[in-house]
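Subject: Structure for your review, with notes

Dear colleague,

Please find below the structure that I promised to pass on to you. My notes follow it, and I would be glad if you read them with the model open beside you.

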Amino acid sequence: MKVLTIAKASFFAVALVAASSAAHAVTLSSSVEFSDGSFVYPDASISVTLPSGASWDVAAQVRSGNQNGVYRTPWDETSNGAVENATVNNPGSIDFFATGPGNLPNPAKLVFDTVQNSLSFLWGSPDTYNDLIFYLAGSMVAEFQGSPITGSPSAGSVYVTYSGLFDEVWFKSDPNNAFEFASITATPVPLPAAGWLLLAGIGGLVVMRRKRSA
């Protein structure tokens, strides 16, 4: 009976999270193309370091440098090659993540131990065949393709930020091209808010039990 009660409370909490995500869908909140010296790169020291509470369910490959037809580092893929070389020391030596052909598995699946409300990362040459998919409690809440970010494919590396509720992100590419990315950061939903969601779920269970008693 106690196991069933806990399961019901958890169900209500997850349902409330899902309902909240419908009201606050994941959206692209900002993007910066590194095409001139006016922009500063994200932190290269965390290029392949995952955010706190994140882990790979299906891990992306870790690469560095360039291999024709397989991958290209996002750290020197801007419109003006001189810019990144002036901004980041020896960009070809910096590790990054990649998925797609020659970089299997595909998709790479990043999971979080708590609900998040923002995700930022360096996206190398966003293209139509790059898909970024957000999930919450096992349900897809948003999907984005790369090229609309800059208006045309191969426009250079872009630093993107997405806002909304999610607890899992898939990095996916088509069978013929790669998806390169680096320096992932994420912001969790504050613990008090997560606690309120759980309490609300328990409260819903209490209401149900009272109705049964009546």
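In what follows, the rings of Phe, Tyr and Trp (its six-membered ring) count as a pair if their centres lie within 6.5 Å, and planes under 30 degrees apart make a pair stacked, planes over 60 degrees edge-to-face, and the rest tilted. Please bear in mind that this is a predicted model, in which local features need a pLDDT of at least 70 and side-chain atom pairs count only at pLDDT 80 or more, while totals for chains, interfaces and linings use all residues. Residues are numbered from 1 along each chain as its sequence is written, and side-chain values use heavy atoms, with hydrogens and water left out.

Aromatic pairs and the cluster

By the rule above, the count comes to 18 aromatic pairs. In one of them, the ring centres of Trp56 and Phe97 are 5.3 Å apart and the planes stand at 75°, so this pair is edge-to-face. Trp56 belongs to strand 2 (residues 54-58) and Phe97 to strand 6 (residues 96-99), so the pair ties together parts that are 41 residues apart in sequence; strands here are DSSP runs of E, at least two residues long, numbered from the N terminus. Phe97 has a relative accessible area of 3% and is therefore buried, where buried means under 20%, exposed over 50% and partly exposed in between, with a 1.4 Å probe and protein chains only.

A further edge-to-face pair is formed by Phe134 and Phe144, with 6.0 Å from centre to centre and 90° between the planes. This pair links Phe134 in strand 8 (residues 130-136) with Phe144 in strand 9 (residues 139-145), ten residues apart. Both partners are buried, Phe134 at 0% relative accessibility and Phe144 at 18%.

Which residues form one aromatic cluster? They are Trp56, Phe97, Phe121, Trp123, Phe171, Phe179 and Phe181. Of these, Phe171 is found in strand 10 and is buried, with a relative accessible area of 0%. Leaving aside residues up to four places away in sequence, Phe171 touches a set of residues that includes Trp56, Phe121, Phe179 and Phe181, as well as Asn106, Pro107 and Ala108; contact here means heavy atoms within 4.5 Å. The C-alpha atoms of Phe171 and Gly100 are separated by 9.1 Å, although these residues are 71 places apart along the chain.

Thr187 and Ser118

Thr187, in strand 11 (residues 179-188), is partly exposed at 38% relative accessibility. The side chains of Thr187 and Ser118 are joined by a polar contact of 2.9 Å, and their C-alpha atoms are separated by 5.2 Å across 69 residues of chain.

Backbone points to check

Most residues other than glycine have a negative phi, and most peptide bonds are trans. A cis peptide bond with omega of about 10° joins Leu104 and Pro105, and another, also with omega of about 10°, joins Asn106 and Pro107. Pro105 is placed in the loop between strand 6 and strand 7 (108-124). Ala137, in the loop between strand 8 and strand 9, has a positive phi of about 50° and is partly exposed, at 38%. Ser183, in strand 11, also has a positive phi, near 50°, but is buried at 1% relative accessibility.

How values were computed: Helix = DSSP H or I, 4+ residues; strand = E, 2+ residues; numbered from the N terminus. Polar contact = N/O pair within 3.5 Å; in protein donor to acceptor, adjacent residues only side chain to side chain.
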